[in-house]
Amino acid sequence: MMLKAIVAGLLAFMTLPTVVVIAVSVNPTAILSFPPSGFSLRWYENALTYPQFQRAAVNSLWVTVGSVALALPIGTAAALALERGRLRLPTLWATLLLSPLVVPGVAAGLGFLILAASLGMIRSRAVLIAAHVALVLPFVVRSVWVSVRNLDATLERAAASLGATPWRTFRRVTLPLLRPGLFAALLFAVVVSVNEFVVSLFISNRVTEILPVAMYSYVVNYTDPTIAAMSTLFITATFAVVWVADRFVGLGRVFLHHR
Amino acid sequence: MKLLLAPALTVIALFAVALGCLLQYSVLTFIPGSLQTGGFTLENFKNVLAPQYLGVIWDTVWLSAATTALTLMAAYPVAYALARTDSSRVRSAILVLTLAPFFTGAIVRTYAWILVLGNAVITWPIPMLFTERGVLVGLVHFSMPTMILMLAAGISHIDPVYERAAASLGARPARVFWRVTLPLSLPGIVSGSLIVFAWTLSAYPTPALLGGGKVQMIATVVKDRGLDSFNWPGAAAFALLALAMTIVLLAGVGRAGTRAA
């Protein structure tokens, strides 16, 4: 009973900011107040019509689609090689592929900025996409790797012994069996890229910046609830994605061990 | 098969080159007002240890340690409930509430805390926004999902048979927890704590927005010097310090992992 109350309290602590943001986003006045003094959608209108957010949303779309489209096949290939390639020193290669995960954002960001400057590509979109590919790659490799490890190789051998070419075996047997891992990889990659902030802050300008960077500039410069409306849209989208993922994949299977 | 690794290694090589640039700039002379750099120098690293920056490093370490300790205490009950509940609905609810902030991104989460810590929502008896206390609350909230997931993964590996055995031999629930459950979840506690500590050491958005310039951590120094004063060599030295601290800590995670296996 006590444990239940404590857990409920802690979950409330985790949810409190979200609740406040949603409440403030429908507040009719520019002065932040809680509970809201009425109901208005003017900050949503403001958020959706603010030109810098529109431009940033288009940039976000390009950067996320571009980097995920590259990282998904690259990461899947790497996961197959890690499990099936009979590599010497497999842990070394795995550590190397997962390493971008542990590099502090400010270190990677400044590094990419200096690299871009020395290539004369300062604040080019290509650098932004390349950085995002490196940052989402560990999530793709990890998710797909788990699926490859659980894959029953006899099914592939059966297909091959029945005369399927290696490519056909891969397309008709391996790939469908990897679907849950690929789905999880896609989910992680999109979420990480859409929300990436620190590295992108270093390597973008007003023209190329993605949504989190544009939102950061807005928070620093203005105090009205436009960002609350923008955040609510982000939160809603995220909840929908997490809920759908839990319904169809079962997040418990990804994160918890079951006997 | 081995060739399939090549594209991924190309990406990692690019990443390594970017970090190499950092290393190169950290030993070049900064020329104020210019992105051009002078010759070799160790001045940037000497600067890192100047008294004013030593204070920043100390604040960073102190805030990270406090964040880790508070996050561990707050995350354990949630992780325990998540790993041990029999109801799949409760498990789903906890998981969604845990993962949603994990997926919402740093800016949205930090902005939410600006609202809560500012006096718009709750009138705080002591100032919270733009203080170390406020930054600490934001950092704990930020680290909770990671810690909960790492701890829950560890706790779900413990066979409940051990706990039942202890209970059947007459141990009271508190004793079962302290003598059986907690020691068996130690690997999760160690790796979760090290990861949270390492991430907090180089956290940027939380101190930048909740500290409002009054709370400096290593990452805010890197950003201020690199992007606002265009002192890339000076910023690079600090960024390398953050990188070095992270690597040392995560090597610790690796060792804790092997010992547990």
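Biologist: What percentage of the contacts in chain B with a separation of 6 or more come from residues 24 or more positions apart?

Modeller: Two residues are in contact if their C-beta atoms, placed from the backbone, lie within 7 Å. In chain B, 70% of the contacts with a separation of 6 or more join residues 24 or more positions apart. This is a predicted model, in which local features need pLDDT of at least 70 and side-chain atom pairs count only at pLDDT 80 or more, while totals for chains, interfaces and linings use all residues. Residues are numbered from 1 along each chain as its sequence is written, and chains are lettered from A in the order in which they are written.

Biologist: How many helices and strands are there in chain B?

Modeller: Helices (H or I, at least four residues) and strands (E, at least two) are DSSP runs, numbered from the N terminus. Chain B has 12 helices and two strands.

Biologist: At what angle do α5(A) and α1(B) pack?

Modeller: Axes are lines fitted to C-alpha atoms, for helices over the stretch in contact, and angles run from 0 to 180 degrees between N-to-C directions. Helix α5(A), residues 105-118, packs against α1(B) at about 85°, with the axes 7 Å apart. The two helices are therefore roughly perpendicular (65 to 115 degrees). Among the residues that meet there are L110(A) and F112(A) in α5(A), and L19(B) and Y25(B) in α1(B).

Methods:
Parallel < 35°, antiparallel > 145°, perpendicular 65-115°, else oblique.
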